[in-house]
Amino acid sequence: GLFVTDYFTRTPRKLSPFRSFASIELFHFHIPEDTVIAVWNLITFKEQGGTFGDQCPDRSITVYFRSGAPSVINPLHTHFPSDTAVPGSFALTLTWTLPNRTTGVFNITSPLPGDWFLAAHLPKDEGKISVKGLYEECQYLFQPQLIVQRLVNIAVLYPGYVTEQSMAPHNRSCLYKVFVPSYTSRVLVEVLRCRGAAGCPLWLRMRAKAPPLHNSTALDCREHAPCQLALDLPFWQHWYYVLVERHPGAPGTVSFQITVQLTDCSRPSLARPPFLPSSASMNMPHSFGSAGGMVLGDSPPPTSPNSTKRPLPISSTMPATERCWPIRPTLRNELDTFSVHFYIFFGPNVSVPPDRPAVFVINLLPVLDSGGVLNLELRLNVSSLCGENVTVFGCLNHEVPLTSSDNASVTCETESLAGFLLSVNATASLSRLRIPYPQTGSWYLSLRSLCATEHGFEPCTNVTAEVYLRAYLSPCINDCGIYGQCKLLRTNNYLYAACECKAGWNGWGCTDNAEAFTYGFQLLSTLLLCLSNVMFVPPVAIAFYHACDQPGIVVFCIMDYDVLQFCDFLGSLMSVWVTVIAMARLQPVVLYLLGAMLLSMALQMDRHGLWNLLGPSLFALGIMAIAWTARSIRRRHCYPPTWKRWVFYLCPGALIAVAAVLLYAFVETEENYFYIHSIWHLLIAGSVGFLLPPRAKPSGRLGPLPRRKGCGYQLCVNEQEELGLVDPAVASINSICTS
């Protein structure tokens, strides 16, 4: 066949250590139909300060792959909430082959078409809290690239028609596809009139949605006559691919005919007619390609020299064992993003008769609904059982309903299908099922009532069970509980939701309490962070910011969290600014106003940046250094003038402040935050008591000297300034003026 190669890439993104699904990087790809191979090229490189991070440590990178919806991952091996189904996914770990770059390759033969999702993250770290801008951070960037190779003009098999084929010696296989509409209970593929040098040296393989693999449903035509491959309960509204493969070493040309028949489950004794008026009557796509440019139209497909087609008898060669029942639709009611309720007509109470199942369909929209949680709830009305030992079983299957004719069967699986089983009875009248990140498309729920006997389950007689059915889509499981926050995340144009847990709780729904903080620990951390702010008496009200940012249930917010955080940061930086300006003993009020304006602007731009603290502090220290230098030059000796001021006040205050900054910048982690940050509060507030200049003593006031009259100039000396004191009111009285 003719191959076409497509190439897709995504922008590199910075990876983060795993804490919850909210910390992963998600990439969305779309694989076209008829793809025979998909190759992901996984590029990872390090950066530090805008250059290659050769000195950065090697940290393993885990990548997850899943078709149809994002992967449900659990790298920390936490517990999932009860009644939660965990779908599987592929995973691989990338190791470093070069100092600053590594590349991994992930191949998938005959991948399923549609949406594919990649999730990547770094290992969990120790939770160190680093100050932004203190040092160049090591960044690990991840960029996935996708290369697909797909076949074009794959031959299409029409139900009830024969296709003739001749396989040349250099050809290994022939690939076909057939579209399976809704209400199809069986697909039967048959090879006729097979002629080769050694009998019929062919393998017949079949697979849904993508070309067959080595482990797909297969049949050896040398050992089976007639060569018929049947598949019960096929997926509805999908392509099925049929591969006719030559045995290795079989010589010569092999000629054969191939036909396919679809059994309509609404009429089990009949196959689908060989021709329908239009593609709409079979729910087939209007443009689905074919060999020789054939298109399903309003007339039978024409015959061609290499592909002769003629209708076969309508009667099925093998009677169908399955029967489909009427499917009741659900009404979709969208309340918000990932908040959708599916209402049942004449519900929510549904009747389950004893002689047949009740089948419902829930349609999830492509891409839009796969980022939430599908919730299903069954509640049995015990009073409707009339004293009988009735159990109602529910099977939730994707893309095809499972309604087995075996009344004793209580499983939701077949050789080719896997579903979810729910059951309710008189003793356990409530059953729930949660599916995080469900695959989109049609989900079918089949409800059956069976009576328990000493010989197992048997059909009930004259008992119609009543069940309350609730199906809905939610962003997170139970809104992440009281110890978590449900976050709405976005990657490009794809939306998904995930829980971010706090107070040591973990898990997909923040229900794993293996490492949870106790109530006493939460209370202690809140009190330490708040009461340590008593050292800052003026902004003590703003200290309640820490009562608002605590994890867990010991939380108290007097106003919006963002407002409290801004006031806390502004109060901290203004205390540094005012302290240093006071040490410089400069009285203009404009300096305080300028500091307040500049600090507010800086905090609005980047509240956690290192230079928001260092910038104003260094600027204020520069002003103080200039003022002190000017006084030292004018007075011709060091300022402040007394050694006691240096030894007992300035040096201890500076050491305390430096120790506080070192704790803040290098010691804080998420685990020790509450007491290290409390020590920071105490040290910074204590340093202010050492650094502020003393007030003037009332007993030391000096009266003004008498002013001499005459010509000359007037020299005003501020006595308080010379003593290293600050009190504008006193200083204005005790000025000594001489002329």
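Student: Is His28 buried or exposed?
Tutor: His28 is buried, at a relative accessible area of 16%. Buried means under 20% relative accessible area, exposed means over 50%, and partly exposed is in between, using a 1.4 Å probe and protein chains only. By the way, this is a predicted model: local features need pLDDT of at least 70, side-chain atom pairs count only at pLDDT 80 or more, and totals for chains, interfaces and linings use all residues. Residues are numbered from 1 along each chain as its sequence is written, and side-chain values use heavy atoms, with hydrogens and water left out.

Student: OK, and where is His28 found?
Tutor: In strand β3, residues 25-31. Helices (H or I, at least four residues) and strands (E, at least two) are DSSP runs, numbered from the N terminus.

Student: What does His28 touch?
Tutor: Not counting residues up to four places away in sequence, His28 touches Arg10, Asp115, Trp116, Phe117, Val367 and Tyr494. Touching, or contact, means heavy atoms within 4.5 Å. With Asp115, the side chain of His28 also makes a polar contact of 2.9 Å. A polar contact is a pair of N or O atoms within 3.5 Å; within protein, one must be able to donate a hydrogen and the other to accept it, and residues adjacent in sequence count only if both atoms are side-chain atoms.

Student: Switching topic: which residues touch the most other members in the largest nonpolar core?
Tutor: Those are Tyr176, Leu202, Leu204, Phe256 and Ile258, out of 43 residues in that core. A nonpolar core is a set of buried Ala, Val, Leu, Ile, Met, Phe, Trp, Tyr and Cys residues joined through side-chain atoms within 4.5 Å.

Student: Which strand gives the most to this core?
Tutor: β19, with five residues.

Student: And why does this core lie between domain 2 and domain 3?
Tutor: Domain 2 (155-264) and domain 3 (344-475) both give residues to this core, so it lies between them. The domain bounds come from an automatic or database domain assignment.

Student: What about Leu204, what is it in contact with?
Tutor: Leaving aside neighbours within four places in sequence, the contacts of Leu204 include Val189, Leu229, Val244 and Ile258.

Student: Now the helices. At what angle do α3 and α4 cross?
Tutor: Roughly 145°, and the axes of α3 (residues 561-584) and α4 (residues 589-605) come within 10 Å. Axes are lines fitted to C-alpha atoms, for helices over the stretch in contact, and angles run from 0 to 180 degrees between N-to-C directions.

Student: Which residues meet there?
Tutor: Among them are Phe566, Leu570 and Trp577 in α3, which meet residues of α4 including Leu591, Tyr592 and Leu599.

Student: How far apart are Ile327 and Tyr444?
Tutor: In sequence they are 117 residues apart, but in space they are 8.6 Å apart, C-alpha to C-alpha. Ile327 lies in strand β20, residues 327-328, and counts as buried at 18% relative accessibility.

Student: Which peptide bond is cis?
Tutor: The one from Ala225 to Pro226, with omega near 0°. Pro226 sits in the loop between β16 (217-220) and β17.

Student: And Ala503, what is its phi?
Tutor: Near 55°, a positive value in a residue other than glycine. Ala503 is buried, with a relative accessible area of 3%.
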